[in-house]
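I opened this structure to look up its sheets, the helices beside them and the contact between its chains. My notes follow.

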Amino acid sequence: MSVNDGQMIASRAARRMRWVGGWLLVLLLLPPLAAAAPLAERQVLENGLTLLVASRRALPIVTINVTVQAGSLWEPEGQAGLANLAALLLTRGTMTRTAAQIDEEVDFIGASLSSSAGRDSSEVDLTLLKKDLPKGLELLADVLLHPAFDEAEIGRKVREIRAALRKRQEDPGEVASEAFNELVFGSHPYGRPLEGTDASLSAITRDAIMRFYRDHYTPERSIITVVGDVEPKEIAQQLRALLKSWPKGKSTGERAGDPKPMQEKPVVKKIDRSVTQANIFLGHQGIRRDNPDFYAVTVMNYILGGGGFSSRLVERIREEKGWAYDIHSYFYPGLERGAFQVGLQTKNETAGAAVGEVLRELRQIRDQGVTDQELADAKAYLTGSFPLRLDTNRKLAGLISTVEYYKIGLDYADRYPKLIEAVTKEEVLRVARAYLWPDRYVLVVVADQAKVALPE
Amino acid sequence: MVAGAMRHRMQDVMRRTIAAAWVMLFLVLAQGIADAQVTTRVKESILDNGLKVLLLEEHKAPVVTVNVWYRVGARNEQPGTTGLSHFLEHMMFKGTSKVGPGQFSKIVQKNGGRDNAFTSDDFTGYFETFASDRFELALELEADRIRGLLLDPKEVESEKKVIMEERRTRTEDDPVSALREVMEAVAFQVHPYRQPVIGWMSDLEGLRREDLVRHYNTYYLPNNAMLIVVGDFKSDELLPKIQRVFGAIPRGPEPPKVRAEEPEQHGERRLVLKKVAELPFVFMGYHVPDLKHPDNFALEVLAYILSGGKSARVYKSLVYEKQLALFAGGGYDRESIDPNLFSFYASVMPGKTAEEVERAMTAEIERLKSDLIPNRELEKAKNQIEAGFLLGQDSVFNLARQLAEYEIVAGWRTWEAYLPGIRAVKAEDLQRVAKTYLTPDNQTVAVLIPTKKEKR
C-alpha cells in the first residue's frame, strides 16, 4: 500500500469535523438525490476477511490486491526486516509448490504475482486475464495460506537483500533518504530501512518468520480487492471456497505507536561522497492519515511543493534559479505520523543557497499563507484530477484498498471534492504553522562536502 | 546483419504487413478472440498541412489523453550539438506569445489535468491527460506551441542549467546509467544512436539559442508531427474541432532524412568503466533488426524466453539458481526506427565476478543455439505476450503511446501484425535468430569496475 499518495485520505476524524461545520455541511452529508455508486461492493466473510469487488468489464482482465496488517509497524524489537522477509517469501514456495514452480505457473498464464511489505501494511498483487482466473486464484490462495518458508529460500532471500542494501549505497538519494528517516524517527519502524540491516537480518530466524506470518497473515487482518471483468457474486463464491479454511488469528496484533517527538533544534547531517550533485532532504515528522487536517495539509503542500510546476518550490528553485531538475515536498501520512520532507538535487556548489531558499519558502507560507488564486488553483487540480486516479484497474484497486484499510469510506469519490472545496485560506495558514517547522528540522546533505557551503 | 537500405526494406515489410493482416483476420475468426485488435477502431485522418491525426475512442473511464509527437530525437542530432531535441522539449514549456513561460503546466493543472513530455532516440512526445469534460483545452495549447515558441534567451540559459542538473542526476552520479551510455557509444560507431538522448555534458554547455531555433524550425512542423487522442470522446464531434484548431498551421519543408547507417560489426567490442560504485555491472549488446524486419517476432519471443518473468532463463539461472547476479535480464529494442540492440544486463552479487556473470550469460545464449526451445516454454512466452497485449490496454495513455511508437517507426497499422507474427514463431526460428544475431563477433561487452571510494 502506498503511503505516499499525499492526496488520498479522509478519516473518521474528518467526518467529525464536518459535523461541527454547521447546517450547511450537515446538509451536504444527506444522500444526494442521485447518489454516485460506492467504489466497490463490500462484504465480510465468515472468517472475518473483507472482500471488495468493482466490476469493470471493458477488457477481459482482472486485478487483485490483498492488503494485510503486516507491515514493519508490527515487527518485534530488534527484528528489522522481518515483515519484508515474510512478505517476499510468500511467493518463494508453498507446501505443494517450489518457488520455481510458482514462477513457471504464473508466467505460463502471462500473469504477474508479487508480494511486498510496507511500513503500514503488506500486499500481494495478482494481475491476469479473466480466462485464467481459476488458476490464478488457486495460486493466490496457495501463497497466502500455505507458504513453506523453506530454509534454503530464506538464505537466498537474505543474501539478495544484503546485496541490495549494499548496492543502494551507490545511489546518493537512497543514502540521504535512509539517514533522514533515521534522524526523524529514531528506532521507530518509520526510521529504519524496511529491509533491515546486516545485523538485524542475522538475528531473524525461520521460527520468527513463521510466527510473524501466523500472527499477522490472518483473514480478519486482510482485505481482498478485486477489480475487472468479474461478477461480484461469482467471484465472492470462488474466493469463499478457496479461503474458507483460512483460520482466524489469535494474536493481539500489537504494534509500534507514535514515533518519539523530535528534538527542538535543527539537526544537520553531512555525508561526504564523490558525487557531482548534492542530494538534499529537509523535513521532520508530519501527520497521521486520520488527522482531521489532512485535506487542508494536502492543499497547503500542493501549493508549497507537491504541485509540480504549480508549486512555489519548483517556481523558485527550478524555474527562477535553474538550480535543480527535481524539487518537491511530500507528506507521508500513515497509521502513525509519517514524514514531511523536501527533497532536491543540485550541484554541490549551489547546495547551500538552495537550502536557504527552501527554508525561506517554509517561513513565507507560515508567515503569509497563500493567495486566493493559489487556493483556487490547488482545489481545481485536486478535485478535477480525481478521475485520473481511478482510470485503470490497477489504480482503482489501489485506491479501494487504501480507502478500506484506512477506514475512509467507500463513498470517497463523492466526498473527496467536497472536503477539498471546504478548505479555507485560514485553514491553510493554520496547518502551515502547525505542520511546517523551519526551526526544528532534520537536514541531510549527501555531497562532495568540500564544495558545499551550508547556510548558518 | 541489418544495416541495409531503409527504403528498400520498408517496401518489403509493407507487403509482409498486408499478408500478415490477412493471417491475423483468419486467426481472429478461427480463434474467436474478443476484439483484441485495437487498431480496427483507430480513425486516421491527415490534415491538409500534413498533420496526421489518430483518434481512438475508449469509453471505459471518463478520461482523455491528448498526445502530440514529433518525428525528431537524438537520432536527428549531430556531434557537438547532442541533447538538442531534449533541450527543445524542455523549452516547449517556456513560453509562446500566447502562453507565458511556465504557464503551460499551470493551465493544465488548474483544469485538473496532468502533462509531461519525453524525448527518445527517435521521437519527442508531449501529453496531457484530463477528465473527459475538459480535455479540448489541450488541443489549443498543443496547436499554439507547434509554431509559436519564443525561445527567450534568458529562459534558454536558465533551462540549460536545469538540464545539466538532470544529467547529473540521471547519468553522472548513477554508475549503471553511465555504463549504459558508454556501452551505446561503443556499440554504435556511425549511427547517431551512439549519442545519449540527454546529450554529452560538454555539448550541453555549448548549446545556443540559435541551435534551438534551427532545430525547432526544421522539425516542429505539422507535417512532421502527429496528434493522437485516446479516451472518452466522440470522434465525429472532435475531428472538426481538430481541423479548426490545427488546420491553419502552415506546412513546412520536409525535414532532412537521417542517412547514417551502422555498418555490420566484425568482432567483439569490449570496454570498462571505472567509477565509484559498490558492485560490478555487466551489459552485453548485440545489433539486431527493428520491427520492420521479419525476424522481429522471433527476437521478441526470444526476449521473453530469456527475460520474461522469474521463470525466464536469465533470471532463473543467474539470479535464482547460481546467485551470481542480484538482478539480471535482457531486452529487445524492437520499436526503433533504425536497427538497435538486443541487450543483456546483470548486477554482480558480492563475492562474484563480472567474468563469472558474463560466462553464465554466454552459456544461456549458447544453449539457445544448441538446443531447441521446448514446446511448453515457447507457449509460455507467447502466452505472456498475448496477456501483456491485453493488460497493456487498461491505460489510455499506454494505448496512445503504443500507437505513437508504431506510427513513428513503421506506421501504426504495423501493430496489427504483432500478435499474428508472434503466434507464427516456431522453436526453429528462435534457434536461427540466436545463431544469426547473438554471436561473439556482433557483441559489445561493457563492464563497470567499482573503484575504491575516496570518501565515506
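Axes are lines fitted to C-alpha atoms, for helices over the stretch in contact, and the angles run from 0 to 180 degrees between N-to-C directions. I also kept in mind that this is a predicted model.

I looked up helix α11 of chain B, residues 313-321. Helix α11 lies across β9 and β10 of chain B. I read its direction against β9(B) and got about 160 degrees.

**Entry: the five-stranded sheet**

Next I traced an open sheet of five strands in chain B. I wrote down the order as β7-β11-β8-β10-β9. The pairing is mixed. β7 (269-276) and β9 (325-332) of chain B stand at the edges. Each has a single partner strand, so one side of each is left without a neighbour in the sheet. From one strand to the next, the twist averages 15 degrees.

Strand β8 (residues 281-288) and strand β10 (residues 340-348) of chain B pair in the antiparallel sense. I found eight bridges between them. Which residue of β10(B) stands opposite B:V282? I looked, and B:A346 stands there.

**Entry: the six-stranded sheet**

Chain B also has an open sheet of six strands. Its order reads β1-β2-β6-β3-β5-β4, again with mixed pairing. The edge strands are β1 (43-46) and β4 (114-119) of chain B, and each pairs on one side only. I noted an average twist of 15 degrees from one strand to the next.

Here I followed strand β3 (residues 63-70) and strand β6 (residues 225-231) of chain B. They pair in the antiparallel sense over seven bridges. B:W69 stands opposite B:M226 in β6(B).

A helix packs on this sheet: α9 of chain B, residues 235-246. I saw that α9 touches β1, β2 (52-57) and β6 of chain B. The direction of α9 makes about 155 degrees with that of β2(B).

**Entry: where the chains meet**

Last, I turned to the contact between the chains. How many residues does each chain bring? Chain A brings 57 residues and chain B brings 55 residues. On chain A, several elements each supply at least two residues of the side that touches chain B, among them α4 (99-108), β5 (122-129) and α14 (372-384). α6(A) gives the most to that side, with seven residues. I sorted the side of chain A that touches chain B by class: 21 nonpolar, 17 polar and 19 charged residues.

Note on methods: Residues numbered from 1 in each chain as written. Chains lettered and ligands numbered in written order. Predicted model: local features only at pLDDT ≥ 70, side-chain atom pairs only at ≥ 80, totals over all residues. Pairing = 2+ DSSP bridges. Helix = DSSP H or I, 4+ residues; strand = E, 2+ residues; numbered from the N terminus. Contact = placed C-beta atoms within 7 Å. Nonpolar A, V, L, I, M, F, W, Y, C, P; charged D, E, K, R; others polar.
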